[in-house]
Structures are given as C-alpha cells and as structure tokens.
Amino acid sequence: LRGTPREQKKSRRRANPPSMLRHGRKGQRSAVGACSGVLCCIFSVALLIVIAAPSSNHFMGRGSSRSYNARRLPSTSFRQSSHAPRSSSVTALSGGGADDTTGRPTKRVLVTGGTGYIGSHTVVQLLESGYDVTVIDNLVNSNRKVLDRVHSITNKKPRFFAIDLCDESALDELFKSSAPFDAVIHFAGLKAVGESCSQPLRYWDNNVGGSIALLKVMERHNCTNIVFSSSATVYGNVQKVPITEDFPLQATNPYGTTKLTIETLLRDVAQKTVVGDEENKWRVVLLRYFNPIGAHPSGLIGEDPNGTPNNLLPYISQVAVGRRAKLAVFGSDYDTHDGTGVRDYIHVQDLSRGHILALENAIFGSMKSNCEVYNLGTGKGYSVLDMVNAFGKACGKDIPYEIAPRRTGDVAKMFADPTKAKTELSWTASLGIDEMCSDTWRWQEKNPYGYATEQPQLQESKAS
C-alpha cells in the first residue's frame with residue numbers, strides 16, 4: 001500500500017466491507033456454509049417432489065405407454081356430463097391413483113349402461129372396491145340423478161359421458177381421449193320382453209348393433225377384457241330345474257334372442273383364429289342373471305321402470321305405495337307349493353358383487369378358457385305369493401291382488417344351479433327374501449315416483 005498510514009487504512013476499508021473486517025476468514029467460512037445449506041435444502045425439496053410424483057402407471061392400463069389425457073371430448077361427437085371431473089389432476093378423478101392397501105395401480109373399468117338399475121349398483125361397488133370407473137349411457141331408460149345418488153353413497157363420482165352405444169365414432173373418440181381401459185362391463189341394452197315382441201328391429205339394432213360397435217372399438221384400442229350382462233331368458237322355457245350352464249339355449253322372444261346372439265358373437269371373438277405366433281388376448285365372461293330385485297340398503301338407488309313395470313317386485317312395490325290398485329297373479333294351478341309360479345329372485349347387491357368377482361377372479365385372475373359363462377342365482381325359488389306375503393310383511397300392509405288366467409309360455413318353476421360361480425368365482429348369494437323386500441320397500445317409500453319429483457301419468461295395466 002502507498003501513502004501515509006491513514007490513507008492506507010482508508011484503502012483497506014474500501015476493499016473489505018465492515019463485516020469482513022470484523023470476522024476475517026471466519027466470516028468467509030460462515031458465508032460459504034450458509035450457501036451450502038441453502039443448496040442442500042433446494043436439493044432435498046426437489047428429491048421429495050420426484051419421490052412423491054405419481055407413477056405413470058396410475059394413469060395407464062397394463063403395458064401401456066400412452067400418457068393420461070384428461071381433455072374434454074369434442075361436443076360434436078358427444079357431450080361429457082357436468083358430473084364428470086374437469087381437473088386433469090389424478091386426485092380429482094373418482095377412483096384414481098394407487099390402491100391404498102396394496103399399492104398396485106388402480107384398474108380402469110368402462111361401464112356401459114352404468115346409470116341403469118343393475119349398472120348403478122355395480123358402479124357403487126366398483127367405486128367402493130377402489131376401481132377407476134367411467135360410465136357411458138344414453139339415458140333412454142335411466143336418469144342422470146343416479147350419478148348424484150352414487151356420489152352420496154360412495155363420496156366419489158365416476159366419469160360420465162352421454163353416449164349412444166350405436167355411435168361408433170363417439171365410442172372411438174372416448175377410447176382415444178381416455179387413459180386405456182383394463183376392462184369393460186357391458187350392461188347397455190333394451191330389456192323389455194313384451195316391447196321386444198312389438199319392436200324387434202329396434203331391439204336388434206340397439207342391442208346387437210351397439211354390441212358390435214363396442215367390440216370393434218375395444219379391439220381397435222387393445223381392450224380385450226369384457227364382462228357381459230346376459231340373462232336366463234337364453235334358456236327359454238325349461239322343463240326341469242335347477243338350470244346349469246350347459247342347458248340347451250332356446251330364446252323364445254326377440255329380447256332373449258338378442259342376448260343369445262351377443263353371447264354367440266362374444267364366443268366367436270374369444271375363439272377367433274390369430275395370425276402366426278400371436279395369441280388371442282380376448283377374455284370374456286358371460287353372466288346369466290335370473291330375476292334381479294331389491295335396492296341399495298341406503299334407499300338412494302333402486303329400480304325405476306319407465307311406464308308399467310314388467311317385473312313382479314317393482315309392480316308389487318308400486319301397489320304398496322299407492323301408485324297402482326292391485327296385482328294380477330297369472331295362474332294358481334301350477335305344480336308348486338301354493339299353485340303360483342316359482343322363480344329364482346336374486347338381490348341386486350349380490351348380483352353386483354358377482355360382477356366384481358368376475359373381474360377379480362376371472363378376467364384379472366384365472367380362466368379355464370377365453371370365454372366362460374356363469375349362472376347368477378340363489379339356487380332356490382320363491383313363488384309369486386311368497387313374494388306378495390314377504391313384501392306385505394316388509395311394508396306393514398296387505399298387498400291386494402287377484403288371480404288371473406295363466407299366460408302362454410309360462411312354466412311352473414325356473415331357478416339356477418349356481419355351483420360353477422361358487423367354485424370358480426367364489427361367489428354365492430347371501431341376501432334372502434326378507435332383505436330383498438325390505439330394501440325394495442325402503443327405496444320405494446323414499447322415492448314413491450322413482451327419480452322423478454312429480455307423479456308421472458300412469459296407464460293402468462296388470463303384471464305379475
């Protein structure tokens with residue numbers, strides 16, 4: 001340093017701030033340590049973000065590399081309901097993310113006809129079981145309010161799209177714009193036997209045509225797992241009971257014929273010839289229901305038929321609630337314990353659980369072949385008067401009825417042998433006639449006009 005000692009002192013102060021003059025080398029080490037601490041904190045936070053980020057498997061089906069796309073589908077093809085989540089975050093999607101108990105990626109299931117009677121109960125059980133659920137329905141025979149009721153029961157909402165199953169382009173757009181589906185449960189279809197006899201073309205076009213469109217789109221997008229909602233109507237008028245899955249198939253009405261045709265189509269798909277060393281990846285489960293009745297024990301969802309009920313218990317419940325005058329019982333001279341026809345009635349909760357087990361123990365589990373069929377029934381029957389008396393007990397009032405002549409084609413007894421479902425799916429019906437009737441009455445009493453808020457105009461007719 002040049003100059004006098006006083007000038008040298010000023011020069012040192014300009015070159016070194018006061019803090020450095022006070023602490024010297026120790027201050028330099030402290031500053032470096034502070035910077036290192038900040039960098040460590042930043043690195044730790046970044047590491048935690050990477051660890052906490054959801055795996056791409058939460059958004060994708062097995063073996064897929066397509067990332068999740070939560071964009072809303074074009075309104076020109078079909079519209080997404082306001083009930084569907086709008087956020088692209090996985091936490092905003094019903095059933096999304098990993099299973100809390102197993103840590104495995106959640107399976108994504110598409111449910112056709114998911115706002116209908118059996119479909120809505122199955123959607124509830126899927127959501128409660130941790131599945132990621134998407135529902136499509138054209139709402140012809142169902143009500144959008146079902147989605148709010150499902151949310152009230154499960155605190156979750158499935159994605160919903162108002163799609164007609166016959167609209168192949170809309171289906172294709174859904175599959176393109178969604179994360180890959182692991183399986184489809186196919187309920188969608190018209191189902192009134194009497195109506196099918198007067199409108200066979202409509203039933204063939206909707207039920208068979210819609211199923212063909214669905215299968216084409218599924219195959220195009222490499223989704224080859226399906227559970228199909230079939231019916232015991234494919235057995236026709238059987239002459240002996242109990243009914244096993246290998247009974248002759250002989251549908252006696254257009255509705256039953258469409259179910260049988262779809263079964264045949266699915267068998268053909270499951271057994272199709274493949275090229276070279278490829279294997280047929282289709283896995284198909286056919287579930288033949290007998291007579292679903294009952295409702296969710298909350299009374300929030302249940303069977304809400306349009307017009308005159310075609311089935312026994314909805315008609316009885318409408319008589320009990322005062323919507324109809326009396327029940328007609330067709331035939332009282334059958335070879336049964338009270339002379340009235342005997343049928344295998346199954347609680348819709350048991351039936352819905354059968355779909356969950358079909359997924360878990362067959363589709364995602366073990367199957368003897370690419371296509372398996374199962375009866376879902378209780379294995380025992382109740383007569384018409386058994387049901388009338390049990391419902392009277394449940395609602396606390398007598399159900400007025402009259403005896404009418406037999407109907408052509410009715411048989412004395414029809415009930416299932418559900419042994420195969422018990423052995424291979426670990427499924428058995430656990431709810432009996434008392435639960436079937438009490439749950440139906442709870443639903444009807446809470447919702448005297450179904451999901452409608454006002455009394456619909458009724459055409460009085462008779463059913464049994």
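A disulfide here is a pair of cysteine sulfur atoms within 2.5 Å. The structure holds zero of them. This is a predicted model: local features need pLDDT of at least 70, side-chain atom pairs count only at pLDDT 80 or more, and totals for chains, interfaces and linings use all residues. Residues are numbered from 1 along each chain as its sequence is written, and side-chain values use heavy atoms, without hydrogens and water.

**Cysteines**
- The closest cysteine sulfur to that of Cys 395 sits in Cys 437, 9.0 Å away, which is too far for a bond.
- Cys 395 counts as buried because its relative accessibility is 12%; buried means under 20% relative accessible area, exposed over 50%, partly exposed in between (1.4 Å probe, protein chains only).

**Whole protein**
- The protein has 13 helices and 15 strands, taken as DSSP runs numbered from the N terminus (helices H or I, at least four residues; strands E, at least two).
- Of its 464 residues, 48% count as buried.
- Among contacts with a separation of 6 or more, 80% join residues 24 or more positions apart; contact means heavy atoms within 4.5 Å.

**Helix 3**
- Helix 3 covers residues 117-128, and its 12 residues should span 16 Å at 1.5 Å a residue; the end C-alpha atoms are 17 Å apart, which agrees. The expected span is 1.5 Å times one less than the number of residues.
- Of those 12 residues, 11 are buried, so the rest of the structure largely encloses helix 3.
- The buried residues include Tyr 117, His 121, Gln 125 and Leu 127.
- Gly 130 follows helix 3 and has a positive phi, near 95°.
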